[in-house]
Amino acid sequence: MNPYMISIAALALVGLSLFACSTPRLELSDHSDGKKYFNQDPNVTVGKSLLQVLKWKFTGDLKEWPDFVKDNVAPDFTRDLAEGEGAVTFINHASELIQFKDLTVITDPVFSERVSPVSWFGPKRHRDPGATLDNLPKIDFVLVSHNHYDHLDLDSLTAINKRDHPTFIVPLGNRTLLEGEGIESIVELDWWQNHKTSNGSLITLVPMQHWSARGIFDRFEMLWGGFVISSSELKVLFTGDTAYNRQFKDIAEKLGTMDLSILPIGAYEPRWFMREQHMDPQDAVRAHLDLKSNLSIGTHYGTFQLTDEGIEDPITELSKALAEDDSGGEDAETLLRTHVPDHLAGSPLCPLDVRNRTGGK
């Protein structure tokens, strides 16, 4: 039997034992019926059934990953940033360290060996983080996009809280998970709400097409989303997990042009199963163009094998998507590689391709 089939079944049983059936009362909105949250597009079905999961695991084409990949990286966090400058370091998976002159943010930090309800079973990392927590500068804000285990890792959050006592910004409903670990400085946001930092930056939660669950009975009970950080002259978008849909045009219309967009390019096969919850590299190029982003870089691949594609497939497919795209006279590859703002400093930023960036994949 496919080992990932066994993994899914076992984790489902763990989820049954960890989470009781509960239906909290939510505030009514255009994306909540008072019991659950839902996506902007009513025509998509994001949460798959157990039968669909079993179909995938029995019929999927799971590529073999190397047991472990050794990366030779030495990130440098000592550079002094001037007003209007920023630096981004890719740590692993969806964990990005985003630095401005007076503000340091980390997204979806995951330093654990596995992303699972338990430490002894579930998806295991295939490479070390590009930087250890001990090596990171003091963190002011932790942004958590949603409650899936590969994005909301309680061990990592509690370690950061113990070291730096930052403020944690989460979508609606996720506060209780952090409070259960003794974390006190928490800001919950709904889509399009923002939090103003002490240095005047704005952190806005924006809609993404995804879903939430920590167990079997709590699907869609906690909100999900991405974040736009507006600091001085820079705007940075971190999407978290998302499928491609109209939200990128909405963000550009409401919040303006992004200096940098951090877009997921992995965990996308098979498409019949993942299309409505995870972008593939072709979708990432479309999102970049919808956002009119000055620069976009890829994330969410090469660390944990969550889906069927190979460990390097996101890079290969991204190269193809860039080469094939037709953007009305200026193709996406040219657009991405020529519109790099000089004031976005720090780790070498390679448009939608993280192979040359400081930090682990």
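## A first look at the cores and helix contacts

Let's start with Leu143, which touches Val105, Ile106, Thr107, Asp108, Pro109, Ile169, Ile203, Phe227 and Ile229, leaving aside residues up to four places away in sequence; contact means heavy atoms within 4.5 Å. This is a predicted model, where local features need pLDDT of at least 70 and side-chain atom pairs count only at pLDDT 80 or more, while totals for chains, interfaces and linings use all residues. Residues are numbered from 1 along each chain as its sequence is written, and side-chain values use heavy atoms, with hydrogens and water left out.

**Nonpolar cores**

- The largest nonpolar core has 33 residues, and Ile98, Leu143, Ile169, Ile229 and Ile262 touch the most other members.
- Such a core is a set of buried Ala, Val, Leu, Ile, Met, Phe, Trp, Tyr and Cys residues joined through side-chain atoms within 4.5 Å; buried means under 20% relative accessible area, exposed over 50%, and partly exposed in between (1.4 Å probe, protein chains only).
- Strands that each supply at least two residues of this core include β2 (95–100), β9 (226–231) and β11 (260–264); β10 gives the most, with 3 residues.
- Helices (H or I, at least four residues) and strands (E, at least two) are DSSP runs, numbered from the N terminus.
- Phe77, Ile139, Leu154 and Ile186 are among the members of a second, separate core of 21 residues.

**Helix contacts**

- Helix α5 (residues 247–255) packs with helix α7 (residues 281–291) at an angle of about 25°, their axes 8 Å apart, which means α5 is roughly parallel to α7.
- On the α5 side, the contact is made by Phe248, Lys249, Ile251 and Ala252, and on the α7 side by Ala287, Asp290 and Leu291.
- The axes of α7 and helix α8 (residues 313–324) come within 8 Å and cross at roughly 50°, so these two helices are oblique to each other.
- Axes are lines fitted to C-alpha atoms, for helices over the stretch in contact, with angles from 0 to 180 degrees between N-to-C directions; under 35 degrees is roughly parallel, over 145 roughly antiparallel, 65 to 115 roughly perpendicular and the rest oblique.
- Pro281, Gln282 and Val285 of α7 meet Pro314, Glu317, Leu318, Ala321 and Leu322 of α8.

**Backbone details in loops**

- Glu269 and Pro270 are joined by a cis peptide bond, with omega about 0°; Pro270 is in the loop between β11 and α6 (271–274).
- His165, in the loop between α3 (154–164) and β5 (167–171), has a positive phi near 50° and counts as exposed at 60% relative accessibility.
- Trp192, in the loop between β6 and β7 (194–196), has a positive phi near 75° and is partly exposed, with a relative accessible area of 28%.
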